[in-house]
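Morning, everyone. I have one structure to walk through today. Please have it open as I talk.

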Amino acid sequence: MKKLSIAALLSVLVVTNSAVAQQLQPLPTTREDNYATAQRFANCSAWFGLMEVVATRTGMPETVTLAQGRARGWKVAGLLFMVEGMAPSRATEATATFDNLVEVRLMELKARYEQDAAFITESLPMEFARECEPLVPMQEKLIELMRRGPTEPQE
C-alpha cells in the first residue's frame, strides 16, 4: 500500500466538500512547516492535559476521561504532521518527540496554574481559542479520515 500524505488525505475531503475547504487552515508544505504544525497540535494536547490535572484535583472523573480523550485526539492528528516534519531516518522518534513537546507545554501551563488558579477561567479560554480553535476543523477531519480507515490511492 502506498503511503498517503496529510495533504492527500485532506484533499479528498476538500474536493468533496467546499465548506471544509473554507474552514481548514492552510496545509504545511515543507518539513519545517509540518514540524511547526505538529508543535501547535502538541500545545493543544497539553491544554487538555491541564484540564485533566485540574479535573483530577477537583474530583471530576468524567471530565478527566473527556480530557484524556481530547488530548489523545490532538496527539493522533498531530503525529501525522510530526512524521511529515521529521527526517525519514528519525520518523520512528515521532511519538517520543511529540510527547516531549506536550510535556514541556504542560509543565508551563501547570506552573501558571499553580501561580494563579484564576488563570483557568480568566486567560486560558482566550489563549485556547487563539491557539487551538483555528486548528479544530483540520484536527476533526483528520480524525474522521483515520476512523474511516485507509483509502485506495488514486491513479
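Let's start in helix 4, with its buried residues: V64, A67, A71, G73, W74, A77, G78, L79, F81, M82 and G85. Buried means under 20% relative accessible area, exposed over 50%, and partly exposed in between, with a 1.4 Å probe and protein chains only. Helices here are DSSP runs of H or I, at least four residues, numbered from the N terminus.

Some ground rules. This is a predicted model: local features need pLDDT of at least 70, side-chain atom pairs count only at pLDDT 80 or more, and totals for chains, interfaces and linings use all residues. Residues are numbered from 1 along each chain as its sequence is written, and side-chain values use heavy atoms, with hydrogens and water left out.

Back to helix 4. It covers residues 61-85, 25 residues in total. From first C-alpha to last it reaches 35 Å, close to the 36 Å expected at 1.5 Å a residue. That expected span is 1.5 Å times one less than the number of residues.

Where does helix 4 bend? At G78, by about 25°. The bend is the angle between axes fitted to the seven residues ending there and the seven starting there. G78 is also on the buried list.

Now the aromatics. The structure holds 5 aromatic pairs. Rings of Phe, Tyr and Trp (its six-membered ring) pair if their centres lie within 6.5 Å; planes under 30 degrees apart count as stacked, over 60 as edge-to-face, and the rest as tilted. Take F41 and F81. Their ring centres are 5.2 Å apart and their planes sit at 40°, so this pair is tilted. F41 lies in helix 3 (residues 31-57) and F81 in helix 4, so the pair ties together parts 40 residues apart in sequence. F41 is buried, at 0% relative accessible area. F81 is buried, also at 0%. Elsewhere, W47, F48, F119 and F128 form one aromatic cluster.

Another pair of positions to look at: A36 and G85. They are 49 residues apart along the chain, yet their C-alpha atoms are separated by 7.9 Å. A36 lies in helix 3. A36 is partly exposed, at 37%, while G85 is buried.

Last, the cysteines. How many disulfides are there? The count is 1, taking a disulfide as a pair of cysteine sulfur atoms within 2.5 Å. C44 and C132 form it, sulfurs 2.1 Å apart. The S-S torsion is about -110°, so the disulfide is left-handed. It links distant parts of the chain, 88 residues apart: C44 in helix 3, and C132 in the loop between helix 6 (124-131) and helix 7 (136-148). Both C44 and C132 are buried.

Terms used
Helices (H or I, at least four residues) and strands (E, at least two) are DSSP runs, numbered from the N terminus.
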